[in-house]
Every structure is written in structure tokens, then in C-alpha cells.
Amino acid sequence: MRTIVTLLVLLSWGAPAMAQSKAGEKEWNALIEAAKKEGKVVVAGSPDPVMRNDIMPKFKERYGIAIELLAGRSSEITARVKTERASGIYSVDVYLAGPDTTAVALYGEKIIDPLRPLLIMPEVADGAKWKLGKIWFADPEERYAVRAFSSVATFLFINTDHVKPEEMRTAKDLLNPKWRGKISAEDPTTTGSGSNAAARFYHDLGEDFVRKLYIEQKTVRTRERRQMSDWLARGTQPICLNCREDDVRPLVKDGFKILEIFELTDMPGSINGSPWMLTMANRAPNPKAAQLFANWILSREGLGIYARGYGSVSLRTDIDETNLNAGNLPKKGVKYFDDTDWNWIVTGRHEYRQKVWQVLKGK
Amino acid sequence: MSTRSTPVEVSGFRFRLRPHRAAELSMLLFFAVAMGLPLLFLVAGSFNLSPPGKAAVYGMGNWLRAFSDNATIEALWMSFLLSAVRLVPAMAIAVLFAWLIARTDMPGGNAIEFFCWLAFFIPDFPLTLAWILLLDPNYGFLNMLARHLPFVDGPLFNPYSFWGIVWVHTSAGGIWFKVILLTPVFRRLGASLEEAARVAGADTLAMLRRVTLPLLAPMILAVAVLSFIRGLQSFNTELLLGTPAGIYVYSTRIYDYIRREPASYGEATALGSIFIVILALMLFFYWRFLSGKRKFTVVTGQGYSIARVKLGKWRSLAFAGCVFYMAVMTVLPLVFLIIGSFMRRYGFFDISSPFTLAHWQNLLSDPIFLVALKNSLIIATITTAGGILLYSAVAYLLVSRRSIAGPALEGLCWLPHVLPGILLGLGILWLFLATPLRFFFYGTVWGIAFALMLSDSPVTTQAFRAGFLQLGSDLEEAARVTGASWWYTYRRILLPLLAPIAGAVGLMNFGGALTSISTPVLLYSHQSRPLAILLLEYSVTGELERGAALGLLITAIICLMMLAGRKLGLRLSGLQ
């Protein structure tokens with residue numbers, strides 16, 4: 001009798017969920033059919049190898065819909081899109097853009113539509129599949145920009161043939177005269193990861209630290225990312241502030257003694273939403289295909305490809321993280337500085353960057 | 001072009017519009033729209049202070065912001081200094097090379113000319129990286145070798161310096177650009193005046209100084225002006241070698257404004273406007289020089305000799321000098337570039353199994369590659385053919401004594417040279433979108449070809465102009481007397497005489513269309529993506545080795561075209 005009651009209770013709970021699930025499935029299948037009729041989706045974003053080599057063929061294989069990639073630097077893509085839109089041309093469906101572009105250009109200039117109501121794929125809409133219990137919308141209205149990743153960022157890289165790990169415990173160790181001319185950074189006098197890091201230094205450690213680090217320490221600047229990782233490997237500049245993980249990790253595989261440092265005792269580690277935030281263009285020319293792509297890229301399959309290919313920590317609960325660098329996984333209970341926080345991007349970082357530029361101009 | 005007039009009636013007023021004038025006015029109208037409008041859009045945009053999509057508010061804010069920064073003035077001065085310092089030796093070397101190739105009996109001239117072309121099309125970004133591998137103070141190959149010398153105790157070379165930048169530019173495309181443009185006009189120079197100088201007792205040096213160079217002054221000056229402005233806009237080498245040494249140039253400042261998020265095209269245009277002022281000043285002096293009483297005609301109907309200067313005992317030495325210069329300045333970095341495309345990591349010889357075919361395999365198996373290759377070939381062919389037809393006609397009109405709109409037309413033709421490529425691309429994007437051109441041009445290979453053709457106008461027009469200036473009017477007059485129409489004369493007499501110049505600029509434009517990134521970057525679509533954009537994508541994602549492989553592949557395609565084009569040019573001009 002108890003068993004029958006239990007079954008009845010379970011059925012009474014499960015039936016609406018099943019009905020809902022069936023309705024959701026029906027809606028999802030209708031979306032696939034409509035998207036196939038449109039035949040293609042135009043995605044604007046970085047020309048990264050993961051997109052070109054894995055995402056594009058996989059999406060085509062899965063749904064028979066081609067991804068047309070409008071690839072390039074964010075500033076060029078947004079300039080083009082704005083000019084097109086001013087002339088009544090709407091060519092882009094989905095943006096996979098960095099946080100600055102998303103917050104300042106796409107959201108700031110109302111180029112995107114709310115994405116929340118469009119996420120209907122059962123495994124995407126299910127809050128249980130997400131580490132935060134729901135999809136993370138990073139914009140103030142929590143409707144437009146999905147943040148799908150949150151990885152601990154590498155703070156700096158050292159070549160341990162030249163710098164012992166114990167010599168680099170605090171940010172102030174960077175000011176040791178021994179390292180004068182031995183530190184490389186992406187040029188902080190222009191926008192990019194170099195000035196972002198400098199803004200963070202200013203925010204946490206103040207103007208004096210920035211002056212000492214970038215001027216007195218004769219930090220060597222460059223605008224070419226590969227130059228920094230080459231210098232790091234060769235030991236010319238064995239401390240690198242802004243090397244890219246995907247440039248450095250092949251060097252580690254080749255036996256170079258390079259260590260990633262994720263946090264220093266006087267500066268907490270930071271997390272970021274790299275490689276992209278997802279948004280949906282308004283007046284998209286292929287709205288159904290765009291919606292399908294947006295759902296799929298947030299699915300286990302889509303996000304899994306990016307997480308593996310890029311080495312980023314996704315916010316989904318069902319993606320294998322054993323192959324990721326342990327240092328990139330956020331630790332429970334640790335409070336990180338969020339480098340992709342909306343307010344930090346729109347106001348804080350912008351203000352600190354201006355202050356950094358004043359310091360560097362003043363020399 | 002016939003001299004007969006066509007009566008035209010407008011609102012009862014009857015006037016005669018000659019075909020020559022009609023052609024000139026049509027050209028002026030075309031260029032005013034195609035080149036003037038984009039510039040107008042850009043300049044108007046530079047005064048617009050409100051963000052895109054908002055109602056325009058006009059003011060001087062962008063201009064004040066752009067020029068109020070001391071760093072801008074310092075960068076402008078550095079650009080001037082770099083451009084001026086490298087112009088003098090580069091012009092001297094280029095003139096010497098062109099003279100030796102085209103006017104003397106130096107052995108192997110054709111091979112050296114071929115090599116100049118090859119050197120011109122080596123992409124400058126990987127070439128600069130190759131120079132870093134050779135000259136870096138810590139690990140540079142030449143510095144390592146120099147350390148074995150008894151009197152050397154530190155690095156001899158440092159590419160991250162003012163002179164390092166000058167050195168790399170002297171090896172990169174800039175110098176070969178000059179040789180390529182000068183060689184055909186040197187070749188066109190008839191020998192009769194030189195022979196007369198010899199009879200009058202002048203030695204080779206005096207003849208070069210008093211006869212040859214003054215006769216070729218229009219082209220030499222045009223090339224100098226083009227090179228100087230090109231030098232001011234130079235960017236990649238300064239970015240790689242200048243930034244670590246704290247050397248910032250003007251084009252870097254413009255780049256910063258464009259790369260900002262959101263991009264500040266207003267400030268970038270304001271900074272770019274300085275090039276227009278410089279161009280206007282340089283053109284003023286150039287026109288004054290050309291409009292003087294000098295004559296530059298070297299090909300007339302009264303006998304034409306192409307005999308070469310005999311170098312005697314200097315023949316072998318001249319050849320050896322050219323070979324040595326090219327070996328050091330081009331072959332050495334080129335070898336490193338080729339090796340780099342086969343390395344797992346560019347320049348790292350000490351890792352385990354450093355060589356791989358993977359970058360070439362990945363390139364050739366990239367699904368986008370074949371489509372991009374096809375697009376690039378279509379774009380380059382349209383650009384080349386269209387450019388030769390259009391700008392030879394423009395140059396003909398410019399040198400015509402009956403021209404009334406010459407300065408305006410020429411000024412418009414120079415405009416693309418002073419606008420940084422990305423700004424020109426943005427201006428053309430506005431032009432396409434604001435006019436019915438969008439239905440045919442926007443996002444298509446035709447649109448990209450049109451934009452690239454516009455960007456080719458200064459070099460192509462000036463090359464043809466210098467060529468036409470060398471041709472005597474008696475050639476046309478003789479043809480007319482024998483009953484030939486203008487078109488027949490143009491096609492059968494003038495163009496064959498200009499075939500070497502057409503071949504040179506045609507190949508240059510073909511190669512330029514394959515390698516240009518900044519102009520098409522705002523105009524391409526998924527279907528019309530050219531190879532150069534693929535190269536940009538590899539560069540953005542740090543795939544340097546695959547980029548090097550693609551750069552070499554583009555150079556190889558250009559080499560093939562070069563061989564075919566050169567053969568055709570020589571056959572047409574009757575020099576083979």
C-alpha cells in the first residue's frame with residue numbers, strides 16, 4: 001500500500017514536469033525546423049581556432065546549418081556593424097564578444113535583444129545544469145549578456161630558470177631592483193590586457209606602485225603577444241605580466257620551465273569570463289538559426305568544445321574539468337576579484353585606466 | 001581621342017563639348033564621388049561628437065583631444081625623423097639598382113629585377129620577426145656569431161632602436177617598391193641623349209648626374225613623395241621594434257584610437273588629416289617643379305635607341321654588390337622566414353623535434369582557405385585590369401596639354417595614399433552604404449576590388465604619368481597624320497610603349513590586392529573573405545607559423561604572376 005501511495009505521489013509530481021518537458025521538446029523541435037529553413041547563422045567574434053576548427057563543423061554536422069563567421073578585432077567589427085545599422089543593414093545574428101565590447105558597445109548602444117526568453121533548450125534552461133543554479137546574465141537587467149565561463153586568471157608567468165618561485169610571493173616582489181628590465185608587459189598606454197592589468201595594480205596598490213613598476217623597473221612593453229611569450233621562454237624577460245595562457249602552455253609542454261602564478265599574497269587572484277560573452281543581435285536576419293545557435297553553444301556539447309579547446313572553466317555542472325589546468329579552477333570559499341564584473345568594466349576599470357595613463361605620461 | 005567636337009544643347013544654350021573634355025569631366029566626377037565622398041564622410045564624422053546611432057552634435061572636441069596630447073606631437077616628430085632619415089639612402093640605393101638593371105650591361109640584371117619583386121612581396125610582419133631572430137641583443141644569430149670575434153664583448157646589433165627600425169625598413173618592401181617603379185622608366189629612357197653626353201666628353205657619373213637623373217626627375221620625385229608619405233604611415237615594424245624601446249610613431253597613435261573600445265574614428269581622422277596637409281605641401285612643390293621649363297621627353301618619333309651603358313671593368317663588381325646587398329638584406333631574413341614556417345615554434349631551434357609540416361597541412365586543410373584563395377585571385381585580377389585601364393586613361397588626361405582640371409583630378413588621385421587603410425576602408429564603407437552602390441558592391445568581391453583599385457590610384461597614376469611624360473607628342477601626331485584614330489593610336493602605339501610600366505604597376509597592384517588587409521577588413525563578408533583577411537585572423541589568434549606559411553604562399557603566387565606578367569610586358573614592348 002505504501003508503495004502504491006509513493007508511486008501515486010511521484011506520478012502527481014512528475015506528470016506536470018513530463019508534460020512541460022514534452023512541451024519544451026516540441027518547442028525545441030519546432031525551433032530546429034524553423035532554423036533549418038533559414039539555413040545559416042552569422043556569428044561575429046574572434047577568429048579563434050576553436051571556432052574555426054571545431055564549433056563550425058560540429059554545428060553544421062548537428063543541425064545542417066552553416067555558421068558564417070564575421071571574424072576580426074572587436075573594434076573593427078563593432079565599427080562595421082554600427083555603420084551598417086545606421087544604413088538600415090542588419091547582417092549579424094549572434095555576438096561572441098569580449099566583456100568590454102559587450103558592455104560598452106553592444107549593450108551600451110542597444111544593438112542586442114534580450115536573450116533570456118530565447119533560451120529554451122531543455123538542458124540549457126534547466127537551472128540544475130549551472131553552477132550558480134541558473135544561467136548567469138551579467139548585464140544590470142540580467143536579460144541580455146550570458147556569461148558562460150569563470151576561470152581563475154593567471155596573474156603572471158615566470159621562467160623558473162631565472163626567477164625562483166619564492167622570489168615572487170607578493171606584488172611588491174616585482175619592484176625588486178634585481179628585476180629591472182626583466183619584466184615584460186603588453187603596452188599599458190593603450191586599451192587591452194596591458195592597461196587592464198595596470199588598472200588593477202592601480203586599484204589595489206595605488207599610483208606609486210604603478211609608477212615604480214612600469215617606469216622605474218623599466219618594464220619592457222610590446223603590442224605583440226607572441227613577443228612576450230618568446231622573451232619569457234628565452235629568459236630575456238623572465239617575468240611576464242600579460243602573456244596569454246594559450247601561447248605559454250605549448251612552451252611548458254616543450255620543457256621550458258615556466259610557472260603560472262595565480263595569486264600573490266598582497267593581491268587576491270582574479271576570475272574572468274574569457275573567452276566571450278554571448279549576446280543576440282536585435283533585428284537579426286536569421287532569428288531562428290540565431291536562437292538555435294545560442295542555445296546549442298550553451299549546451300553541454302557546445303560549451304564543452306570551447307572549455308576543452310580554450311582551457312576555460314565553464315559554468316555548467318556537466319562538463320568534464322579534469323583536463324583543465326587546476327590553477328584555473330576557482331577554489332571554494334576564496335574571494336576573487338572579478339575582472340569581468342559589469343561595473344568594473346563600464347566604470348571602474350575605465351577610470352583607473354585613465355589614471356594609469358596620466359601616471360605613464362607624467363613619467 | 002578625336003579632336004572633333006560634339007555639339008551639346010542645354011536649355012537652349014548651345015556649346016561644344018569636346019570628347020577630351022567630356023572624358024576629363026567624367027573622370028573628375030567619378031573621382032570626386034569615389035574618393036572625395038569617403039573623405040568628406042570621414043571629415044564630417046570627425047566633427048561629430050555624439051556616439052553612433054544618436055543625433056549628431058558637431059564640435060571640435062575630437063580634434064582638440066587628438067592634438068592636445070604631447071605624445072602625439074612627439075610621435076609625429078619621430079615619424080618625420082624616421083621617414084626622412086631612411087628616405088635618402090633608400091632613394092640612392094633604389095636609383096642605383098634601377099639604373100644598373102635597366103641602363104647598364106651589368107650581368108644578371110633580369111634575375112636581380114626578379115628578386116626585387118620577390119623581396120617587395122615578402123610580408124613585412126614575419127620579415128621583421130626574422131630580423132629580430134638575427135639581431136636580438138640576447139639571442140640574435142648575428143650577435144651570437146659576432147661574440148666569437150676577439151674585439152667584441154657585447155651585442156653588436158640591437159633591432160629595438162631607431163637605427164634598428166631604419167635598417168629593417170631598408171631591407172623590407174620600401175626600397176624594392178622604389179626599384180620596381182623606377183626600373184621601367186629607366187628602361188624607357190632612350191640612349192641618344194646619353195650618347196650625346198658621352199660624345200661631349202662626360203664620364204658615366206657626370207652623365208648620370210647631368211642627363212639621366214634630371215630626365216627622370218618626375219618619376220624620381222613622385223616615388224620620393226610616395227615613399228615619404230608611406231614612411232610616415234609605416235606601422236608594423238615600428239610596432240614590433242619601437243614599442244620595447246619606447247619609440248612611438250604617429251601611425252601608432254592613429255592605430256590606438258581605432259583599436260579602442262569603442263573605436264574613436266573621429267580622433268583617428270583628425271590625426272590622419274595631417275597627412276593631407278603634408279601631401280598638399282609636397283604636391284605644390286612637385287607641380288611647380290613639373291610646370292617649369294624643363295622637358296622630360298625621352299621617347300620621340302625621331303629615332304629611339306635603347307643601347308645600354310657599358311660598365312667595363314665595373315660590370316662584375318656592380319653585379320657582386322647587388323648580390324651581396326640582396327643576400328644580406330633579403331635572402332638572410334627570407335631563409336629564416338621559410339624555416340620559421342616549418343618550425344613548431346618560430347625561432348625556437350632548441351626544443352625537441354623543432355620542425356613540422358603541421359602549419360602547412362593545417363593551412364591547406366583549413367576549409368576557409370580554398371574559398372579565400374579563389375576570392376583573392378578574382379579580386380586581384382579585377383583590381384589589376386581595372387587599375388591599368390582606368391589610371392592609364394587618367395594619366396593620359398593629366399599630361400595632356402589641353403587639361404583644365406588636371407590639378408583637381410590629380411589631387412583626388414593622391415587622396416587614398418594619405419588616408420590610413422582602415423580609414424579609407426571606413427570611408428568607402430560609408431560610400432557603399434549611403435548610395436545605390438551597396439546593392440552591387442557591399443560585401444562582394446567586386447566591392448573589395450573597387451576599394452583596392454581606389455587605394456592603388458596614386459602609385460598607378462603617377463607611374464603612367466611619368467611614362468606618358470617620356471613620350472613625345474610627335475608619336476601621336478605622326479599616327480594621326482597617317483589616319484589613325486585616337487583609340488588606335490592609344491592602343492597600338494602608346495600602350496605598347498608603356499607596357500613595362502603597365503606590367504610593373506599591374507603586378508604591384510596584383511600583389512597589393514593579395515596582401516592588403518586594412519582596406520578590405522570592413523568590406524568583406526563570409527562569402528568574399530580574401531586570403532589577407534585569413535592572414536589577419538591567424539595574426540589575431542597568435543598563429544604566427546601558419547601566418548608565415550600563408551605569407552609565403554601568397555608570395556609564391558605573386559612570383560608566378562610576376563614571371564608570366566614580365567614575359568608578357570617585355571614581349572609587348574618589343575624588348576624580348
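Two strands pair if DSSP finds at least two bridges between them. This is a predicted model: local features need pLDDT of at least 70 and side-chain atom pairs pLDDT 80 or more, while totals for chains, interfaces and linings use all residues. Residues are numbered from 1 along each chain as its sequence is written, with chains lettered from A and ligands numbered from 1 in the order in which they are written.

Q: Which strands sit at the edges of the open five-stranded sheet in chain A?
A: Strands here are DSSP runs of E, at least two residues long, and helices are runs of H or I, at least four, both numbered from the N terminus. Reading across this mixed sheet, you get the order E10-E9-E11-E8-E12. An edge strand pairs on one side only, and that picks out E10 (220-222) and E12 (258-261) of chain A.

Q: Which residue in E10(A) stands opposite Glu186(A)?
A: Strand E9 of chain A covers residues 183-186 and runs parallel to E10(A), with three bridges joining the two. Glu186(A) has its opposite number in E10(A), namely Thr222(A).

Q: What share of the 576 residues in chain B counts as buried?
A: Buried means 20 or more other C-beta atoms (placed from the backbone) within 10 Å of the residue's own. For chain A, with 363 residues, the share is 47%. For chain B, it comes to 49%.

Q: How many residues of domain 2 of chain A are in contact with domain 1 of chain A?
A: Bounds come from an automatic or database domain assignment, which gives domain 1 as 30-151 + 273-330 and domain 2 as 154-268 + 343-362. Taken over C-alpha atoms, their centres are 30 Å apart. Contact means backbone-placed C-beta atoms within 7 Å, and on that basis six residues of domain 1 meet residues of domain 2 numbering six.

Q: Where does the largest nonpolar core lie?
A: A core is a set of buried Ala, Val, Leu, Ile, Met, Phe, Trp, Tyr and Cys residues joined through C-beta atoms within 7 Å. The largest one has 166 residues, and those with the most contacts inside it include Ala98(B), Met219(B) and Leu426(B). Helix H17 (367-399) of chain B is its top contributor, with 12 residues. Both domains of chain B supply residues, so the core lies between domain 1 (61-295 + 305-350) and domain 2 (357-576).

Q: Which helix gives the most residues to the side of chain B that touches chain A?
A: The contact draws 38 residues from chain B and 48 from chain A. Helices giving two or more residues to the chain B side are H12 (236-242), H13 (250-259), H19 (421-434) and H26 (531-540). With five residues, the top giver is H19(B).

Q: What do 76% of the contacts in chain A between residues at least 6 apart in sequence join?
A: Chain B has the figure 76% for residues 24 or more positions apart, among contacts with a separation of 6 or more. In chain A, the 76% join residues at least 24 apart.

Conventions: Contact = placed C-beta atoms within 7 Å. Buried ≥ 20, exposed ≤ 12 C-beta atoms within 10 Å, placed from the backbone.
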